[in-house]
Amino acid sequence: LSLSKELPSNSNKMAQFQEVMRQQLESSMHAELEKLVGTAKGAEAKVSKKDFEGFRKLFHRFLQVKGPSVEWSKINRPPEDSIQPYDKIKAKGLPHYIADSLNKLVVVKLNGGLGTSMGCKGPKSLISVRNENTFLDLTVQQIEHLNKTYNADVPLVLMNSFNTDEDTKKILQKYTHHRVKIHTFNQSRYPRINKESLLPVAKDMAMTGENADVWYPPGHGDIYASFYNSGLLERLIAEGKEYIFVSNIDNLGATVDLYILNHLVSQPNGKRCEFIMEVTDKTRADVKGGTLIQYDGKLRLLEIAQVPKAHVDEFKSVTKFKIFNTNNLWISLSAIKRLQEQNAMDMEIIVNPKTLDGDLNVIQLETAVGAAIKCFDNALGINVPRSRFLPVKTTSDLLLVMSNLYSLEAGSLTMSERREFPTTPHVKLGSSFTKVQEYLTRFESIPDMLELDHLTVSGDVTFGKHVSLKGTVIIIANHGDRIDIPAGSMLENKIVSGNLRILDH
């Protein structure tokens, strides 16, 4: 009996002890951040102070979180009407005054990433993807085409990071005579923290030398705070802008869709939709993508990082969770302002572990832009065609968008009408193709892929001019071998192996 009396007080003591530890960690972090700001000069000190305010809030929440952020048993499928089919939205047609709606829109591209995964230096948005056009060129062309066609004024806003800002600003001069106003703002700069001590690794605010790896941009969920802090959000609202269309700059399918825009602006005032997430049907390639669920009566984004280990396979199933988030989002500017000012923007924390030089284990705390869906009123998912999700993450993706599978018009890529079925072929290029420069030297010209279903290439392989690939083609050069596919070859359902024998598949 006496034991049962002691138990609550023991657990209370434990809770008190944990609370004391948390407070100590927070005050140590506060002191370290103050020291860091003390090493900054002028304008940098002001920006860093604002950044660190956001970091402190994130760190505070990180210390409060216990266990997984979702209880699996409370997850429900979203109600039928909370995810609308795109065809239903499109069936409404367009009013003759769609230009008025366009004048309420701002296009925001997430431009914080580098091209390192594709072997390129500098911002990813400056990689050439089609006819010498970069991701940024194509974006500017799309918006300029809209503005000219509808006599509208849709501005482009780039959310840069400290990694991409300088190079991006240099290149923006080339668009001065285009009919697009371009604005930029910077994502926050947060300190990576030592996994053991939970204190910043940085010793001062410098970003070079031994400090090169100690900072990070905290994921695209930072858009709300950094957009608000930059003053640009207020300016755009003052100019009569009402909605932003946000997407990753490397998603070539993320163009302004007039039907979705019309759906947003035509809602009755009391029912104004503040947030639309474009989702699309999951395939086997998308099993890790975040999905929409109903949780505590709200529409919510569930990411794989939040899923308890025992349920990961269930999360990946294409039958239970049929759709995933494309990260094409339409969000009300006034709602962002309201939620920022009420300090009510609540996004799950993603803890991203990294290892720095010298085997130093650090963590970086991040958030995802779509996770805020639960904070907005009348949020909605729209199940869009797969064509609105065309990300270029690897050279395998690059091969698809450079090929005759797509035609390019006014900065937009559309699947060629000459392809008989609308699905994209599955392309898997081996490690000899990872870097863009190396990939380009391996193709004298991009093969004809109109009738391709599946391509796997592994090892030291090159392609001559005017090669045509159809059906399933697998080309494997074993270690030490080299395969040169001759100019003008037509490979249909073939396996080409190390000694260049061509076998029927």
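Reader: What makes lysine 470 and glutamate 451 a salt bridge?

Author: This is a predicted model, in which local features need pLDDT of at least 70 and side-chain atom pairs count only at pLDDT 80 or more, while totals for chains, interfaces and linings use all residues. Residues are numbered from 1 along each chain as its sequence is written, and side-chain values use heavy atoms, with hydrogens and water left out. A salt bridge is defined as a side-chain nitrogen of Lys or Arg within 4 Å of a carboxyl oxygen of Asp or Glu. The closest N and O atoms of lysine 470 and glutamate 451 are 3.7 Å apart, so the pair meets that rule. Strands here are DSSP runs of E with at least two residues, helices are runs of H or I with at least four, and both are numbered from the N terminus.

Reader: How many salt bridges does this rule give?

Author: The count comes to 26 salt bridges. One of them joins arginine 61 to aspartate 346, with the closest N and O atoms 3.6 Å apart. This pair links distant parts of the chain, since arginine 61 is in helix H2 and aspartate 346 is in the loop between helix H11 (333-341) and S15, 285 residues apart.

Reader: Why is arginine 61 called partly exposed?

Author: Buried means under 20% relative accessible area, exposed means over 50%, and partly exposed is in between, using a 1.4 Å probe and protein chains only. Arginine 61 has a relative accessible area of 28%, so it counts as partly exposed. Aspartate 346, at 37%, is partly exposed as well.

Reader: Which loop holds leucine 198, and why is leucine 198 called buried or exposed?

Author: Leucine 198 is found in the loop between S8 and strand S9 (215-216). Its relative accessible area is 14%, which falls under the 20% limit, and therefore leucine 198 is called buried. Leucine 198 also has a positive phi of about 55 degrees although it is not a glycine. Most residues other than glycine have a negative phi.

Reader: What is the order of the strands in the open sheet, and which are its edge strands?

Author: The 3 strands of this open sheet come in the order S8-S16-S15, with antiparallel pairing. The edge strands are strand S8 (193-194) and strand S15 (350-356), each of which pairs on one side only.

How values were computed. Pairing = 2+ DSSP bridges.
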